Amino acid sequence: MDIESVRDFCLSLPRVEEYFPFDETTLAFRVEGRIFAMIDLDDTQWFVLKCQPEYALWLRDRYSAITGAWHMNKRHWNQLDLLGHLSDNLVRHLIRHSYTEVVRKLPRAVKQACPEVLQVNEAPVEMA
């Protein structure tokens, strides 16, 4: 999946905004003010996503193109090698997973005011 496809997919999710929180090259995607994905526009090989901790470890064991995210809490963040051998379906699934991880932790009032954020479903990937 290339950077344009990743960006388009992230922006297709409800209430997602893109912005540059750290510098002029680190593009972040957020839902209701909370970051769920990031990519450095100077090095688009690596795409960083939030992940449920046990699932993050399982993914790293299963896919060599998924590692703990550099400069992030590796318990909750993975980085994907977009030049690796990850299917587009898996990348889309992991984007949705990251999004839903962030949405789960939004305050109840925000979820009630923006019910569309609760309607994004993860396509399951079995943990064997």
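Is Cys 114 buried or exposed? At 5% relative accessibility, Cys 114 counts as buried, where buried means under 20% relative accessible area, exposed over 50% and partly exposed in between, with a 1.4 Å probe and protein chains only. The model is predicted, so local features need pLDDT of at least 70 and side-chain atom pairs count only at pLDDT 80 or more, while totals for chains, interfaces and linings use all residues. Residues are numbered from 1 along each chain as its sequence is written, and side-chain values use heavy atoms, without hydrogens and water.

Now to the sheet. Six strands form an open sheet with antiparallel pairing, in the order β1-β2-β3-β4-β6-β5. Strands (E, at least two residues) and helices (H or I, at least four) are DSSP runs numbered from the N terminus, and two strands pair if DSSP finds at least two bridges between them. At the edges lie β1 (16–19) and β5 (66–68), each pairing on one side only. Three antiparallel bridges join β5 to β6 (residues 77–81), and Gly 68 stands opposite Asn 78 in β6.

Helix α1 (residues 3–12) packs on the sheet and touches β1, β2 (26–31), β3 (34–40) and β4 (43–50), contact meaning heavy atoms within 4.5 Å. The direction of α1 makes about 135 degrees with that of β1; axes are lines fitted to C-alpha atoms, for helices over the stretch in contact, and angles run from 0 to 180 degrees between N-to-C directions.

As for the cysteines, the structure holds zero disulfides, a disulfide being a pair of cysteine sulfur atoms within 2.5 Å. The sulfur of Cys 114 is 18 Å from the closest cysteine sulfur, in Cys 10, too far for a bond.
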